[in-house]
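Welcome to the tour. Open your viewer, keep the selection tool at hand, and take the stops in order.

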Amino acid sequence: MMDFFIAKNHNTPAPASTTMEILELPYGKLDSECEYKPSIEPVAKELPKIVLKTPTPEPEPVFSGFNYLPMELLLKVMKQISVDDRLACGETCHRWMEAAHYYLPFSQRIIYKFTNVNFTDYEPPIKNFLDAFRIFPRIAIKSCTFYGNSQFWGLFGEHVLELTIKNCLIKDSELLHILENVPNLRQLKIEQCDELFRSWYFEKRNTCCETHFVLPDLVDVSLTNNDFLDELHFNKLMTLAPNIAHLDLSNCFKMIAAHRRVAMVEHIMRFINMHQFQLQTLKFNGTLAIDDICLSTLSMIDGLNLETFSMTFCDKIPAAIIDLLRRQPDLNITQDLEWKVGRHPIKAPGFISFLVRQTNLVHLDLTSSLGITDEVMELITTCLPKLKTLKLRRCILVTDEGIMNIVNLDQLEVLDLSNCYRISDHAMYRGVIGRKVKNLKELYLCELPTLSDYSLIQVTLNYEMLQILDLSNSPNAATDATMQYINYYLVSLKQLHLYCCTKLTDSGLTGIDLPIKPMITWDQEETFPLDRLFKLRVLNLIGCYKITDLSLQEAFKLAELKELYLARCYQISEKGIEVLAHSAKALEFIDISECPNVNDNCIEMLTFNLKRLRTLKVNKCPLLTNACLEIIGRNCSYLKFLHISGCTRVKKPQKRLAHLRSLKAVYVEWE
C-alpha cells in the first residue's frame with residue numbers, strides 16, 4: 001500500500017459515452033382551425049421501441065515516455081538517487097513531483113532552514129511563506145532575531161513535528177507563543193540560547209510551572225550548550241512534555257558558579273527519578289558536575305532502563321577497586337551494589353554500578369572520559385552485549401588490554417577509537433578485527449600513530465560493509481598499499497577521511513607505478529583506482545601534499561561525490577581541475593584552499609561545469625584576482641557560501657557579488 005496520496009492523473013482519457021438512437025414520436029395532426037387534437041390510438045399503434053445500440057469499442061490509448069512509468073517503479077528509481085537528484089527530478093512533471101515530494105519516507109527527510117534572517121511577518125522570507133500552499137513538518141531556525149508573535153505558527157504550526165531554535169534572539173513570550181501553536185510537536189531543540197534564559201524571569205515562583213497547554217507528543221527535548229538554564233526554566237519546559245523519553249543536556253552549566261551547577265544537577269537527578277519508567281535516552285557529554293555521585297544515584301533507580309547514554313566521565317576510580325577488578329574479574333555484585341570479598345563487602349563506584357545495572361544499553365558514548373580504564377572496558381564488553389554504538393574518542397587510559405574483548409560485541413555497528421594512542425596493532429588484530437562482528441558500518445581510527453598498515457589491511461578483509469572510514473592523522477596506517485585494499489574491498493564506502501595522511505601518493509589512488517603490487521590473481525598483478533568506490537559521497541584529502549594532477553585525471557570519475565576536500569594539496573594545478581570539473585559533476589562542496597597553482601581559469605572550469613555547487617573554499621590562493629569574482633557571479637546560480645580569505649589580489653568580494661541572490665555569506669577573514 002502506498003504511503004502517500006497520488007492525485008488523479010489528468011492525462012487519463014475520459015470514458016467513452018454510451019450512444020443512443022433518438023426517435024421522434026408521431027403527434028396528432030393540426031386542423032384548419034389550428035386546434036390540437038391528439039389521436040391516441042394511432043400513437044399507441046405506431047409507437048416504436050427504443051433500442052440501445054452497443055457502443056463501438058474505441059482503441060485503448062498507448063502512453064509512452066518516462067512520465068507514464070508506474071508509480072512503484074518510479075519510487076524504486078528515486079530511492080537509489082541522492083536528495084538533490086530527487087528534487088531535480090521533481091521538476092520534470094506533476095507525476096514526478098508527487099513521487100519526489102509526497103512519498104512519506106522522502107518528505108520526512110526535508111528540513112526547512114532559516115539562517116541569519118529576521119523572523120517577522122513584515123519582511124521576507126517569512127512574509128513570503130505566509131502565502132505558502134504546502135506544510136513544513138521540520139523547521140530549523142539558526143542565528144535569527146524574532147520580532148513579536150508571527151502568524152506563521154498559527155497557519156502552519158499544526159503540522160510542525162520537529163523544531164530547532166539555535167543561537168537565536170528570542171523572548172520567553174515569543175517562545176511560548178510558538179510552542180502553544182505546535183500541538184503535534186515531537187522533537188524540540190533549544191540550543192545555545194543563553195540570552196533567552198538570562199532574560200526569562202518569573203514573577204511568582206510558585207506559579208512558574210502553571211500553563212494552560214501541554215504537548216502530549218513531545219518525547220525528545222534537547223537543551224544543549226545552555227549555561228544559564230536554571231530550575232525554573234527547566235521545570236517550565238519539562239511541564240510541557242509530560243511524555244518525555246529522550247533528554248539531551250550536553251555541554252551545559254559551564255559558566256555558572258560551582259554551587260549553582262551542583263544544585264542544577266541535583267534537580268535534574270530528581271526529575272529523572274520521577275520519570276524513570278519512560279526515559280530511554282540521557283546525554284550529558286561535556287556537562288560538568290555529572291560525577292560518580294550522580295551515577296550512584298542513577299544506579300539506584302530501579303525503573304531506569306536506558307537505551308542510549310552519553311557522558312564525560314573524568315573521576316578517578318580508587319586504586320583498591322582497580323586492583324580488585326584486576327585480581328578477581330568474576331566478582332559477584334549483589335542487589336545492594338556491593339562486592340562480597342570474604343566477610344567484608346566493598347561498595348562499588350557509581351560508574352561501575354551504573355554499567356552493571358543498564359544491561360540493555362544500545363548506544364554508549366564516553367568521548368573524552370579520562371576515567372575509563374581497561375578494567376571498565378572489560379565490564380562494558382561483558383555486561384553490555386546489546387551495544388551497537390561504542391565511542392571512546394580521547395579515552396587516553398585505554399590500552400591494548402582494554403579493547404581486547406570488543407570482538408565479543410557481535411552487534412556493534414559504530415566504533416570510535418580515535419586518539420586512544422596506546423592502542424597497537426596487536427590489540428587491533430586480537431580485539432577489534434574478528435569474524436563475530438559482521439555489521440560494522442562506521443569505524444573511526446583518527447590520530448593513532450602507532451597503528452600500521454597491517455591493521456588496516458585486516459580491516460578491509462573483515463569489514464566489507466563499512467560505509468564510513470576515518471583515518472585522519474594516522475599516517476602509518478594509510479599508505480598506498482592499504483589504499484589499494486580499500487579500493488578493492490570497501491566498495492560500500494560513502495565517506496572516506498584521509499586528513500593529513502602524508503604517505504599517500506598518486507600510486508595508491510590510481511594504482512599506477514606501484515613499486516609492489518598488493519594484489520596477485522593467477523600470477524597476474526592487479527591494481528585498482530579510487531573510482532572503484534562508486535558510492536563515495538565525501539572524500540577528505542586535506543594535507544595529502546604528494547597527490548598531483550595524475551590522481552584527478554585518472555581516479556576521480558565519481559558520479560555520486562558530493563563533498564571534496566583538497567586543501568593544502570600543493571601540486572594540484574589547472575590540468576587536474578579541468579578533468580575533475582568534467583568527471584565529478586555532482587559536487588556541491590569543494591575545498592581547494594592553500595593550493596598555490598589554482599588560478600582564475602580553475603574557478604571558470606569549476607563554476608561552469610558544477611551546476612550544483614553550494615560551497616566554494618579558495619582561502620589563501622595567491623593567483624586569484626578580481627576576475628574570479630566576475631566568473632562566480634556569472635556562472636554560479638546556486639552558490640550559498642564563499643570562503644575567499646587570504647586572497648590578497650581579490651578586493652571587495654561582498655560588494656562585487658552583491659547581485660548574486662543565492663549567496664548567503666562571504667568569508668573574507670581567515671578562520
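Does Phe 114 count as buried or exposed? Select Phe 114 and look around it: at 5% relative accessibility, Phe 114 counts as buried, because the cut-off for buried is under 20%. Keep in mind throughout that you are looking at a predicted model.

**Stop 1: the aromatic rings**

Phe 146 is buried, as is Phe 119.

Which residues do ring pairs link into a cluster here? Select Tyr 112, Phe 114, Phe 119, Phe 129, Phe 136, Phe 146, Phe 152, Trp 153 and Phe 156 together, and you have the cluster on screen. In the structure as a whole there are 23 aromatic pairs.

**Stop 2: a cis peptide bond**

Select Pro 124 and Pro 125. The peptide bond that runs from Pro 124 to Pro 125 is cis, and its omega is near 5°. Pro 125 belongs to the loop between β2 and α6 (126–129).

**Stop 3: Leu 175**

From Phe 146, go to Leu 175, which is 29 residues away along the chain; the C-alpha atoms of the two are separated by 9.4 Å. Leu 175 lies in helix α8 (residues 172–180). With a relative accessible area of 1%, Leu 175 is buried. What is Leu 175 in contact with, leaving aside its neighbours within four places in sequence? Select Ile 165, Ile 170, Ile 190, Leu 196 and Trp 200 to see these partners.

**Stop 4: two loop residues with positive phi**

Jump to Asn 251, in the loop between β8 (246–248) and α11 (258–274). The phi of Asn 251 is near 55°, a positive value in a residue other than glycine. Asn 251 is partly exposed, at a relative accessible area of 25%.

Then select Lys 652, in the loop between β25 (641–643) and α24 (653–656). Lys 652 is not a glycine either, yet has a positive phi of about 50°. At 58% relative accessibility, Lys 652 counts as exposed.

**Stop 5: Thr 308**

Select Thr 308 in strand β10 (residues 308–311). Thr 308 counts as buried, with 15% relative accessibility. Not counting residues up to four places away in sequence, Thr 308 touches Gln 280, Thr 281, Leu 282, Lys 283, Leu 361 and His 363.

**Stop 6: two pairs of helices**

Two packed helices are described by the angle between their axes and the distance between the axes. Keep both in mind here.

Select helix α14 (residues 350–357) and helix α15 (residues 374–383): their axes come within 9 Å and cross at roughly 15°. That angle makes α14 roughly parallel to α15. The crossing of α14 with α15 is right-handed. Show the side chains of Phe 351, Ile 352, Leu 355 and Val 356 in α14, and of Val 376, Leu 379, Ile 380 and Cys 383 in α15; these make the contact. Sorted by class, they are eight nonpolar residues, with no polar and no charged ones.

Seven of the eight residues of α14 are buried, so the helix is largely enclosed by the rest of the structure. Among the buried ones are Gly 350, Ser 353 and Phe 354.

Next, select helix α21 (residues 574–583) and helix α22 (residues 600–609), which pack at an angle of about 5° with their axes 9 Å apart. Which residues of α21 and α22 meet? Glu 574, Ile 577, Glu 578, Ala 581 and His 582 in α21 meet Asn 601, Cys 602, Met 605, Leu 606 and Asn 609 in α22. This contact has five nonpolar, three polar and two charged residues.

**Last stop: the whole chain**

Clear your selection and zoom out. The chain's secondary structure comes to 24 helices and 26 strands. Of its 671 residues, 48% count as buried.

Conventions. Residues numbered from 1 in each chain as written. Predicted model: local features only at pLDDT ≥ 70, side-chain atom pairs only at ≥ 80, totals over all residues. Heavy atoms only, no water. Axes fitted to C-alpha atoms, helices over the stretch in contact; angles between N-to-C directions. Helix = DSSP H or I, 4+ residues; strand = E, 2+ residues; numbered from the N terminus. Parallel < 35°, antiparallel > 145°, perpendicular 65-115°, else oblique. Left-handed = near helix turned anticlockwise from the far one by under 90°. Contact = heavy atoms within 4.5 Å. Nonpolar A, V, L, I, M, F, W, Y, C, P; charged D, E, K, R; others polar. Phe/Tyr/Trp six-rings, centres within 6.5 Å; stacked < 30°, edge-to-face > 60°. Buried < 20%, exposed > 50% of the residue type's maximum accessible area, 1.4 Å probe, protein only.
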